[in-house]
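Please read the following briefing alongside the sequence and the coordinates.

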Amino acid sequence: MGRGNDIKKLEAKLWESADLLRAGSKLTSNQYCMPVLGLIFLRYAYSRFKMAEAEILQDRPMRNGKSMPVEPSDFTAKSAIYLPTEAQYMYLLNLPDNVAAQGLKNMEGKEINSLGEAVNNAMELIEAQSAQLSGILPKEYTMFSDELLGELLRIFNNSALDDVGGDVIGRIYEYFLNKFAKNIASDDGVFFTPKPLVKMIVNVLEPSSGILLDPACGSGGMFVQTGDFVNRAGMNANNTMTFYGQEKVEYNAKLCLMNMAVHGLTGIIKAGDEANTFYHDAHNLNGRCNYVMANPPFNVDKVKSESARSAGRLPFGLPSVNKSDEVGNANYLWISYFYSYLNERGRAGFVMASSATDSSGKEKAIRENLIKTGHVDVMVSVGNNFFYTKSLPCTLWFFDKGKPEHLRDKVLFIDARDYYTVVDRTLNEWTDWQLKNLNAIVWLYRGETEKYKNLLAEYHAELGSENPFSEIKDEAESALEEARKEAKEAVNSAAKKDKKKVQKEHDEKIEELTERLETAREACWLYEKFGEGEYQDILGLCKIADTKMIAEEKDYSLTPGAYVGVAPAEDDGVDFHERMTEIQRELLDLQSQSNELMDKISRNFEEMGI
């Protein structure tokens, strides 16, 4: 728990420092995004290079009493990029202030006159070592002053970033990508899928080996989370998985390839017009994928129907076409593609506009045929405010062509619209424990009771107690209340100069206790519903429905809310009439204070002769 908090603080500190420089430089987030992510990449490449170099030199054969020289191919074998001296982070960091006076030359033999030109040259040198990164890395560093760029290099020269094994730099890259997405959301924030949604998709699909395609891959979150999932299972993602992506916007594809490289992953990403999934199967993967994951753009219009038809991957036919011979809403094109790309046992998970679960016309016919295959697996409703660019709710769809026979005509519906954590006024998310709880419902639906029991054991280990979760929760609530009371008393009695320090000391303890209480509450949430691991339909949350019910009672709707019903309102123990009387009394009191204040202001104006 402590290490996670340390990384959170590091993320926040680095962002705050870098964003302060951005604000001072008058650059927009859009201008700043790619170059800053490029510097994080450069720092990562250097950390990985030094780690690989140490390993290589450890086992180096000797000749004439000297170690054999290190070759670029030695680094390739260690999944690291060989860095010539001029491309190494510390070399750039230690350049003298007056770069122009050093007589440095770039790859083409031209003089280097600024730190920006030196960093651009480093990027060129790295691209020359990596086919995957060729033409990808940012080279706009001359737009920064040497002072600003030097300061940025110093910011990312934090020793904590050398912990490549713990993937700290990967987390920093994603944190910055996340923050930039929020800042750029008004015009270009479409490149980032919120991590909780990506994690949920990966957790339900449980990728292990084979081909993974994301035909709308944005900045590569699906690949990164899949890599983490596979590596945590004790395998090497680069050895067991093959990653393919299509991304029409070339800027986003560059972010994706850098993101993958920062996480030590290799992949084949196509960008530009040839990567427009409506008209191209750019990797020729129809019917060949073990996994398909995506967050496609919702409700796209004006897709040329004839071009889409001739591009194929439409096992259930075209959706509705308008008078202009265009598909007016492409949601069911995407849904058809995701299904079509799967091999005979493939799984798909994707984000989709909520309206698609019960749309009518030809879309309904496609949905009906899809349901009849028996391959629709899980449907999850997600609440508002999970995205930076839109507040609309969405639905996660899951297909599984390799479903066991006893689940072939079943679909698990989960309505998670009221299950989330509020980040701020405009953003909600699922915490890691909430993600595990939702995943646990899927395990029980699949009959994987052992995984559920392991999660209960994980909760007990995290909470450091084998007591019933309800007892742990009550104890945590009491401890937190007592800590807040102690903090208030300590701050009140502290000398004025010590108040901030005392508050900070108590805040850290309160933060730990709050985290413990939240964990205990999530453990209770799960255990109260499913006990030791017995699946049951929970009103307002989840239901397993068969295809007969879906067809005859719900007219082929895939909207979770139509199946799970509404949970009974919890009695909060507050008498409504009594509380309304209190509120009215408080309102009248505030109104009286307001009137007195206005009278005082008026008198003051009169005394000043205004």
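## Briefing on the predicted model

In this predicted model, Asp-555 sits in the loop that runs between helix 19 (547-552) and helix 20 (560-564).

**Loop between helix 19 and helix 20**

- Although Asp-555 is not a glycine, its phi is positive, at about 50°, and the residue is partly exposed, with a relative accessible area of 45%.
- Tyr-556, which is found in the loop between helix 19 and helix 20, also is a residue other than glycine with a positive phi, near 65°.
- Tyr-556 has a relative accessible area of 14% and is therefore classed as buried, the cut-off for that class being under 20%.

**Nonpolar cores**

- The largest nonpolar core contains 136 residues, and Phe-41, Phe-156, Phe-176 and Trp-430 are those with the most contacts inside it.
- Helix 2 (residues 29-58) supplies the largest share of this core, namely 15 residues.
- A second, separate core has 45 residues, among them Leu-285, Ala-294, Tyr-341 and Ile-371.
- Leaving aside residues up to four places away in sequence, Phe-156 touches Leu-14, Ala-18, Val-36, Leu-39, Ile-40, Arg-43, Tyr-89, Leu-161 and Phe-176.

**Aromatic pairs**

- Across the whole structure, a search finds 32 aromatic pairs, including an edge-to-face pair of Trp-15 and Phe-176, with 5.2 Å centre to centre and 75° between the planes.
- Because Trp-15 belongs to helix 1 (residues 2-25) and Phe-176 to helix 7 (residues 168-188), this pair ties together parts that are 161 residues apart in sequence.
- Both partners are buried, Trp-15 at 10% relative accessibility and Phe-176 with a relative accessible area of 0%.
- Trp-433 and Tyr-459 form a stacked pair, with 4.4 Å centre to centre and 25° between the planes; this pair links helix 15 (residues 432-445), which holds Trp-433, with helix 16 (residues 449-463), which holds Tyr-459, the two residues being 26 residues apart.
- Trp-433 is buried, with a relative accessible area of 15%, and Tyr-459 counts as buried at 0% relative accessibility.
- Ring pairs also join a cluster that includes Phe-278, Tyr-279, Phe-316, Trp-334 and Trp-397.

**Second largest pocket**

- The second largest pocket holds about 390 Å³ of space, and of the 19 residues in its lining, Ser-79, Ala-80, Ile-81, Ser-130 and Thr-266 lie nearest its centre.
- Helix 2 and helix 3 (72-76) are the elements that give two or more residues to this lining.
- By class, the lining is made up of 10 nonpolar, 8 polar and 1 charged residues.

Definitions and conventions: Residues are numbered from 1 along each chain as its sequence is written. This is a predicted model: local features need pLDDT of at least 70, side-chain atom pairs count only at pLDDT 80 or more; totals for chains, interfaces and linings use all residues. Side-chain values use heavy atoms; hydrogens and water are left out. Helices (H or I, at least four residues) and strands (E, at least two) are DSSP runs, numbered from the N terminus. Buried means under 20% relative accessible area, exposed over 50%, partly exposed in between (1.4 Å probe, protein chains only). A nonpolar core is a set of buried Ala, Val, Leu, Ile, Met, Phe, Trp, Tyr and Cys residues joined through side-chain atoms within 4.5 Å. Contact means heavy atoms within 4.5 Å. On a 1 Å grid over the protein atoms alone, a cavity is a set of points where a 1.4 Å probe fits but cannot get out, and a pocket is an open set with protein on both sides within 12 Å along at least five of seven lines; lining residues have an atom within 4 Å of a point. Grid points are joined across faces, edges and corners, and a volume is the space filled by probe spheres set on the points. Ala, Val, Leu, Ile, Met, Phe, Trp, Tyr, Cys and Pro count as nonpolar, Asp, Glu, Lys and Arg as charged, and the others, Gly among them, as polar. Rings of Phe, Tyr and Trp (its six-membered ring) pair if their centres lie within 6.5 Å; planes under 30 degrees apart count as stacked, over 60 as edge-to-face and the rest as tilted.
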